[in-house]
Amino acid sequence: MKKVIFSIFLLVGICMSALAQSGTNSPYSQYALGVLSDQSQGYNRGMNGLGIGLRSGNQVNVLNPASYSSIDSLTMIFDLGLSLQLTNFEENGMRKNARNANFEYAVATFRLFPKFGVSAGIIPFTNVGFNYSTKERIGNSTTTTTQQFSGSGGFRQALVGFGWNPFAGLSIGANVSYLWGSYDKKGVVSSSDTYVNTLTRQYGVTVSSYKIDLGMQWEQKIGKEDFVTLGATVGLGHKLGADPYVQIKNVSPLTGVTQTTADTLSNGLELPYTFGGGLSYRHGNQLTVGVDYSLQKWGDVKFPEVNSQTQKYELQRGLLRNRHKLTVGGEWVPKAFDAHNFLNRVHYRIGASYATPYYNIGTGVKGPKEISVSAGFGIPIFNQWNNRSFVNVSGQWVHTSAKDLITENSFRINVGITFNERWFQKWRVR
């Protein structure tokens, strides 16, 4: 138990600073809370984030905390992951590339009591990171207007969860997370005309709150080696207790006089209720296929913004919209225990997803939809001490687009290492 506690604290200490960096260059991260992060681990990412209905005793699956109850009594699992991303941005025939590397998650799980597994770790929630500008000529004159936008930040979760199997077939669980982070977003509008003022608008917030996600799984045996699992999740919506602010500066280039106004909204951010359902079929140790659906009720949430008519900073409806996501995927292992052919022991994974936006761009203009596909491998690590650890490698293509706006095509390489150790095995000395 001392090893467990020490390892968890070490895990948190290493990752608190590593996860503070932004993992995106997307201009779309300027909207709402930023780009929603993929909260899955290496095991799930090869299947494009499939997980609500998946149960595995040798992998961590935080997408449904009820799955923790499947961990056996001898196992201690650590899962660490990072990603490398290349994104191509395209608008009006112009293209630009950006690269990102990010340490993404670190989680651990083990069985605390019979039929009761626990987990702890750090995972991302949102990412904010953008820096771009636009320039426009006014009519037929030589006067130009320049708009410069920049921002950084994001939110992270440090979670502790449990999964309990109260009776055969049924498991329930919960993740309780500390949610923290901040963002800063700035927009500057200037003109080549020396008579036109420069306007700077800066938004910011710091969050320190909680997040609770509940899960359930029902596993039913339908054949000698065949199992069907039904999963469901609920995320509780609530106010975050954060005070977002805006500061507006109006600078005269002729006089150098700066007029500054600032406004803060007390308790102005909140999380929506989220609902998810998943169904999977498993044939022994060879084949797993499944489908997930999730609904995030962002459309019920007000978001702070400067009212274009009254110029007041206030909570407004209609800036966010409900987000739907559908994922299908699967895993195939030719022969999991083949001692002669290494390739037969590799876990081959594939998946695809479609997601709608959770925010509007301007008045009534939908944000970008997202289509993604992935393929990956779970490469087993075999030595004289361990035959249950994995290196999980996957490639993912993500297409993000909105009508008449920027199109993004991202290619991500996700690399995760799952250390599966028999920490609690009792050895017999003869």
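Q: Where is the place of valine 365 in the chain?
A: Valine 365 sits in the loop between E18 and strand E19 (369-381). Strands are DSSP runs of E with at least two residues, helices are runs of H or I with at least four, and both are numbered from the N terminus. A note before we go on: this is a predicted model, in which local features need pLDDT of at least 70 and side-chain atom pairs count only at pLDDT 80 or more, while totals for chains, interfaces and linings use all residues. Residues are numbered from 1 along each chain as its sequence is written, and side-chain values use heavy atoms, with hydrogens and water left out.

Q: Why does valine 365 count as partly exposed?
A: Its relative accessibility is 38%. Buried means under 20% relative accessible area and exposed means over 50%, with partly exposed in between (1.4 Å probe, protein chains only). Valine 365 therefore counts as partly exposed. In space, its C-alpha lies 9.0 Å from that of alanine 402, which is 37 residues away in sequence.

Q: What makes the pair of tyrosine 132 and phenylalanine 149 stacked?
A: A search of the whole structure finds 12 aromatic pairs. In this one, the ring centres are 5.1 Å apart and the planes stand at 25 degrees. Rings of Phe, Tyr and Trp (its six-membered ring) pair if their centres lie within 6.5 Å; planes under 30 degrees apart are stacked, over 60 edge-to-face, and the rest tilted.

Q: What lies over the face of tyrosine 183?
A: Lysine 185 does, at 4.3 Å from the ring centre. The rule asks for NZ of Lys or CZ of Arg within 6 Å of the ring centre and within 35 degrees of the ring normal.

Q: Which residues touch the most other members of the largest nonpolar core?
A: Among its 28 residues, those are Leu33, Phe155 and Leu269. E4, E5, strand E6 (170-191) and strand E7 (198-221) each give two or more residues to this core, and E4 has the largest share, three residues. Such a core is a set of buried Ala, Val, Leu, Ile, Met, Phe, Trp, Tyr and Cys residues joined through side-chain atoms within 4.5 Å.

Q: What is leucine 33 in contact with?
A: Leaving aside neighbours within four places in sequence, leucine 33 contacts Phe125, Thr126, Val128, Phe155, Tyr183, Leu269, Trp298, Phe303 and Tyr358. Contact means heavy atoms within 4.5 Å.

Q: Why does serine 67 count as buried?
A: Its relative accessibility is 3%, so serine 67 counts as buried. This serine lies in the loop between helix H2 (42-45) and E2. Beyond neighbours within four places in sequence, serine 67 is in contact with Leu54, Arg55, Asn61 and Gln217.

Q: Why is glutamate 90 called partly exposed?
A: The value for glutamate 90 is 27% relative accessibility, so the label is partly exposed. Glutamate 90 is part of strand E2 (residues 76-91).

Q: What makes aspartate 404 count as exposed?
A: At 70% relative accessibility, aspartate 404 counts as exposed. Aspartate 404 has a positive phi too, about 65 degrees, although it is not a glycine. Its place is in the loop between E20 and strand E21 (407-421).
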